[in-house]
Amino acid sequence: MINNIIFDMDGTLWDSSANVAASWNAAVEGLSDKRFTAEDIQSVMGLPMDKIAEKFFDAETEETRLKIMERCCDGENDYLREHGGNIYPDTVPVFEELSKSCRLFIVSNCQSGYIEAFLDYYGLREYITDRVCWGDNGLPKSENIRLIMQRNGMENALYVGDTQTDCDSTYAAGARFAFAAYGFGTADRYDLKLNRLSELPEKLKKL
């Protein structure tokens with residue numbers, strides 16, 4: 001039985017896009033004419049921050065893009081720590097149930113501080129054994145999944161995510177994949193398909 005569960009965040013545990021858009025609009029005031037919607041943010045969920053900067057600020061120099069994104073990310077973390085996002089209703093009950101028999105982890109392509117803002121706002125730190133993100137080390141998701149598996153001595157692991165990038169990264173890291181079909185993206189293969197996160201504890205028994 002698999003007893004190590006690694007979670008993606010956006011589209012898997014919550015939808016922070018509306019509040020991220022609000023924080024970014026405040027952050028770019030005076031730096032850029034770009035204004036963001038929740039749909040803009042959803043369209044890049046799962047990408048590392050340097051790729052998001054290229055998409056939204058492609059007319060700027062690399063130095064300027066990174067400076068704008070750094071300001072956006074700092075403002076985003078502060079905003080989410082104060083206001084939270086739209087956490088999916090199954091997230092807390094699933095954490096509570098799975099933590100009785102499994103170790104829980106988070107791996108995301110977000111900036112440093114984003115995972116912590118989520119955990120602190122909802123009081124979920126006690127459930128998470130370890131976490132890592134792109135902002136911590138600049139590594140792609142496949143490498144960070146492999147990293148967290150290695151440093152926590154995992155012989156088996158299931159990654160729960162909602163995009164093709166999550167899918168490809170999971171299999172490249174040597175883990176198994178649960179597709180969160182209720183999220184933002186698609187996946188062409190998976191070991192489990194979840195129409196709700198609440199299905200995970202029962203379906204996990206079949207692996």
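Leaving aside neighbours within four places in sequence, which residues is Asn109 in contact with? The legends below take up this question and others, using a predicted model.

**Figure 1. Asn109 and its surroundings.**
Asn109 lies in the loop between β4 (103-108) and α6 (114-122). Its neighbours within four places in sequence are left aside here. Beyond them, Asn109 is in contact with Gly46, Leu47, Pro48 and Met49, and also with Trp134, Pro140 and Lys141. Asn109 has a relative accessibility of 7%, so the residue counts as buried. Asn109 and Asn144 are 35 residues apart in sequence. In space, their C-alpha atoms are 9.0 Å apart.

**Figure 2. The whole chain, for orientation.**
The secondary structure comes to ten helices and eight strands. The C-alpha trace spans about 55 × 30 × 30 Å along its principal axes. A compact globule with 207 residues would have a radius of gyration near 17 Å. The chain has 17 Å, which agrees. Of the 207 residues, 50% count as buried. Take the contacts between residues at least 6 apart in sequence: 62% of these join residues at least 24 apart.

**Figure 3. Phe7 and Phe95, a tilted ring pair.**
The model has 14 aromatic pairs. In the pair of Phe7 and Phe95, the ring centres are 5.2 Å apart. The ring planes stand at 45°, so the pair is tilted. Phe7 sits in strand β1 (residues 4-7), and Phe95 in helix α5 (residues 91-98). The pair links distant parts of the chain, 88 residues apart. Phe7 is buried, at 0% relative accessibility. Phe95 is buried as well, with a relative accessible area of 0%.

**Figure 4. Tyr88 and Tyr182, an edge-to-face ring pair.**
The ring centres of Tyr88 and Tyr182 are 5.7 Å apart. The planes are at 85°, so this pair is edge-to-face. Both residues lie in loops. Tyr88 is in the loop between β3 (86-87) and α5, and Tyr182 is in the loop between β7 (176-180) and β8 (192-194). The pair therefore ties together parts 94 residues apart in sequence. Are the two residues buried or partly exposed? Tyr88 is buried, with a relative accessible area of 16%. Tyr182 is partly exposed, at 23%. The cut-off for buried is under 20%.

**Figure 5. An aromatic cluster.**
Five residues make up one aromatic cluster: Trp14, Tyr114, Phe118, Tyr121 and Tyr122. Two of these names, Tyr114 and Tyr121, return in the next view.

**Figure 6. Helices α4 and α6, packed together.**
Two packed helices are described by the angle between their axes and the distance between the axes. For α4 (residues 62-83) and α6, the angle is about 10° and the axes are 8 Å apart. That makes α4 roughly parallel to α6. From α4, the contact is made by Glu76, Asn77, Leu80, Arg81, Glu82 and His83. From α6 come Tyr114, Glu116, Ala117, Asp120 and Tyr121. By class, the contact has four nonpolar, two polar and five charged residues.

**Figure 7. Ser32 in its loop.**
Ser32 lies in the loop between α1 (17-27) and α2 (38-44). At 13% relative accessibility, Ser32 counts as buried. Leaving aside its neighbours within four places in sequence, Ser32 is in contact with Phe57 and Ile68.

Terms used:
Residues numbered from 1 in each chain as written. Predicted model: local features only at pLDDT ≥ 70, side-chain atom pairs only at ≥ 80, totals over all residues. Heavy atoms only, no water. Phe/Tyr/Trp six-rings, centres within 6.5 Å; stacked < 30°, edge-to-face > 60°. Helix = DSSP H or I, 4+ residues; strand = E, 2+ residues; numbered from the N terminus. Buried < 20%, exposed > 50% of the residue type's maximum accessible area, 1.4 Å probe, protein only. Contact = heavy atoms within 4.5 Å. Axes fitted to C-alpha atoms, helices over the stretch in contact; angles between N-to-C directions. Parallel < 35°, antiparallel > 145°, perpendicular 65-115°, else oblique. Nonpolar A, V, L, I, M, F, W, Y, C, P; charged D, E, K, R; others polar. Rg over C-alpha atoms; globule rule 2.2 N^0.38 Å.
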